[in-house]
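Have the sequence and the 3D view side by side, and let's go topic by topic.

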Amino acid sequence: RDGIAWALVMAAGTPRKNTSLRPSAEEPAPFSASTWDRLPEAATSSLASNLGIPDLKQCWQTSPRWQRSLWSPYMESELWNRDLGKLRGMTWRVLLLEGLNPKASQDFSASLRAPCPYDGVIRRDLARTLPKEELFREKDGKGQQSLFRILRALAVHLWDIGYVQSLNFVVATLIVVLSEESEDVIFRCAQALLFRHSLADFYRPRFPKLGVTVWQFDRIVEAFLPDVHAVLEVNGVTAEYYAMQWFLTLFASDLPQRTVHRIWDRFLIAGWQVVVQVGLALLKQVADVLQSLDACETLTFLKKFVRMRRFEPEVLLADAMQFEVSHQMLSALEAAYSWEKSDAEPKLVLRREGKLFWEVRRVQTEQRHIDEAPKRISQAAQANLLPFLLHNLDTGETTILEEEWNTYLVERGAPPNSTLGHNPECKLEAATAAVAMHKAEGAAALSGSHWLEGRQREALRALGKV
């Protein structure tokens with residue numbers, strides 16, 4: 001209380017009779033919201049400079065106006081630049097729930113009481129979700145029970161999505177960081193993450209966002225890491241073979257939680273460009289290794305290297321920031337994804353003249369002689385390849401994806417359980433096939449909310465990143 005009272009006086013510029021570094025016991029700390037609201041907006045930076053983070057937490061809880069004027073700019077800077085440890089959960093909660101109606105608490109209670117057809121599927125995934133984390137090690141322990149209830153509530157509440165594998169990694173990460181919060185708060189944060197950052201579109205029937213995201217990432221790899229792209233192209237490898245789990249789980253299925261938390265710190269501030277930058281940084285670190293591998297070795301290596309190598313979070317983030325990916329660039333590529341087909345393919349073209357300039361334009365596809373065409377994985381190999389490649393997301397249940405795949409085929413006039421969809425060993429081929437077909441149809445790109453895009457640009461400007 002003493003620290004907060006003194007900071008308030010310093011921020012407001014009010015003279016005091018007692019000139020010691022702390023207020024005296026006779027002068028109580030002014031904690032009422034009305035006292036806070038009388039302070040000028042200009043006092044924000046002064047207040048932040050006179051308080052530590054624990055006291056700032058107490059300040060933030062006192063006045064709604066100071067939640068907006070003090071917390072966001074100061075804590076976003078702190079969250080971006082360093083690991084906040086136990087204070088991370090409080091900061092994530094602010095970033096996710098800012099401006100939202102707390103009505104979701106009622107939705108959580110109602111969803112727990114409602115019947116759910118996904119109970120068995122969710123339970124089978126519990127033991128396979130972050131098993132190295134102490135919170136989830138004990139069978140039917142506190143962590144697994146919370147994960148089950150929140151996933152179940154989401155499956156009931158998000159009726160058009162239900163439960164899809166990989167959501168377990170996303171929700172489990174929130175539970176780890178928000179461990180001091182109630183389950184209904186974590187449920188609200190999960191909803192906010194899915195909708196404010198458009199992650200929900202990854203899991204909807206026909207996977208509407210997955211196609212544009214993997215295509216977009218291929219174009220970005222081609223522009224920023226041309227040597228890596230050349231190797232992958234020769235071996236017939238695209239992002240759908242190695243990066244789908246990165247996108248579906250925001251790296252939570254592959255990287256240690258310590259690293260995932262720092263990636264999410266920046267993702268919650270700056271959005272999808274952080275995921276793309278981290279993906280580029282991961283590929284850059286293995287560029288030399290990829291040069292020496294054949295097609296099968298490349299696929300095996302790309303599937304394993306993120307889990308096998310040790311990445312220091314701050315080093316990885318520093319490497320990621322070297323790639324000048326922007327929201328404008330991502331938006332331009334999303335628009336190009338639905339351009340009318342022609343022999344000239346959309347490409348991201350970079351040039352540096354002191355600063356980086358870029359444009360998305362059509363580039364004539366090079367016509368190769370059939371004997372000079374790059375090696376491709378054989379059709380027979382592809383038939384058994386995808387289950388291996390996506391094994392980390394395949395937790396043994398295929399019913400949901402097969403149902404959606406069959407529905408999609410029926411809508412397109414094809415018989416259900418045809419081609420890739422019928423193979424019981426190919427458990428997530430439906431998703432990958434849907435990516436290809438969605439791309440072939442030139443589906444319109446999906447983007448985040450206007451609120452979120454504006455919020456991210458504002459945050460990046462405050463951080464001096466744009």
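**The two strands**

Let's start with a pair of residues: valine 349 sits opposite glutamate 359, which belongs to β2. Bear in mind as you look around that this is a predicted model. Here's what else there is to see in this part of the chain:

- Strand β1 covers residues 344–353 and strand β2 covers residues 355–364; the two run antiparallel, with ten bridges joining them.
- In a regular strand the side chains alternate between the two faces of the sheet.
- The hairpin of β1 and β2 has one residue between the strands, and glycine 354 there takes a positive phi near 85°.

**The whole protein**

- How many helices and strands does the protein have? Its secondary structure comes to 27 helices and two strands.
- The protein has 466 residues, and 54% of them are buried.
- Take the contacts between residues at least 6 apart in sequence: 73% of them join residues at least 24 apart.

**The largest nonpolar core**

- The largest nonpolar core holds 114 residues, and the ones touching the most other members are Tyr203, Phe217, Phe224, Tyr242, Trp246, Trp272 and Leu280.
- What does phenylalanine 217 touch, leaving aside neighbours within four places in sequence? Its contacts are Ala239, Tyr242, Ala243, Trp246, Phe247, Val276, Gly279, Leu280 and Leu283.

**Phenylalanine 251**

- You'll find phenylalanine 251 in the loop between α17 (244–249) and α18.
- Is phenylalanine 251 buried or exposed? It counts as buried because its relative accessible area is 0%, and the cut-off for buried is under 20%.
- Not counting residues up to four places away in sequence, phenylalanine 251 touches Gln245, Trp246, Val260, Ile263, Val275, Val278, Gly279 and Leu282.
- One of those, isoleucine 263, is twelve residues away in sequence, and the C-alpha to C-alpha separation from phenylalanine 251 is 8.5 Å.

**Helix α6**

- Helix α6 (residues 88–97) is mostly covered, with nine of its ten residues buried.
- Which residues of α6 are the buried ones? They are Arg88, Gly89, Met90, Thr91, Trp92, Val94, Leu95, Leu96 and Leu97.
- After α6 comes glycine 99, which has a positive phi, near 80°.

- Aspartate 107 has a relative accessible area of 17%, so it is buried.
- Setting aside neighbours within four places in sequence, aspartate 107 is in contact with His157 and Phe187.
- Phenylalanine 108 comes in at 6% relative accessibility, so it is buried as well.
- With neighbours within four places in sequence left aside, phenylalanine 108 is in contact with Arg149, Ile150, Ala153, Glu183, Asp184 and Phe187.
- Phenylalanine 108 and arginine 152 are 44 residues apart in sequence, but 9.6 Å apart in space, C-alpha to C-alpha.

- Most residues other than glycine have a negative phi.
- Leucine 130 isn't a glycine, yet its phi is positive, about 45°.
- Leucine 130 belongs to the loop between α8 (119–126) and α9 (134–137), and it counts as buried because its relative accessibility is 9%.
- Aspartate 140 isn't a glycine either, and its phi is positive at about 60°.
- Aspartate 140 is in the loop between α9 and α10 (142–157), and it is partly exposed, with a relative accessible area of 47%.

**The second largest pocket**

- The second largest pocket holds about 560 Å³ of space.
- Its lining has 20 residues, and the closest to the pocket's centre are Lys132, Asp254, Leu255, Pro256 and Gln257.
- Which helices supply at least two residues each of this lining? Those are α18 (257–270) and α21 (295–308).
- The largest share, three residues, comes from α18.
- Sorted by class, the lining of the second largest pocket has eight nonpolar, four polar and eight charged residues.

Terms used:
Residues numbered from 1 in each chain as written. Predicted model: local features only at pLDDT ≥ 70, side-chain atom pairs only at ≥ 80, totals over all residues. Heavy atoms only, no water. 1 Å grid on protein atoms, 1.4 Å probe; cavity = no way out; pocket = protein on both sides within 12 Å on 5 of 7 lines; lining within 4 Å. Points joined across faces, edges and corners; volume = space filled by probe spheres on them. Helix = DSSP H or I, 4+ residues; strand = E, 2+ residues; numbered from the N terminus. Nonpolar A, V, L, I, M, F, W, Y, C, P; charged D, E, K, R; others polar. Core = buried A, V, L, I, M, F, W, Y, C linked by side-chain atoms within 4.5 Å. Buried < 20%, exposed > 50% of the residue type's maximum accessible area, 1.4 Å probe, protein only. Contact = heavy atoms within 4.5 Å. Pairing = 2+ DSSP bridges.
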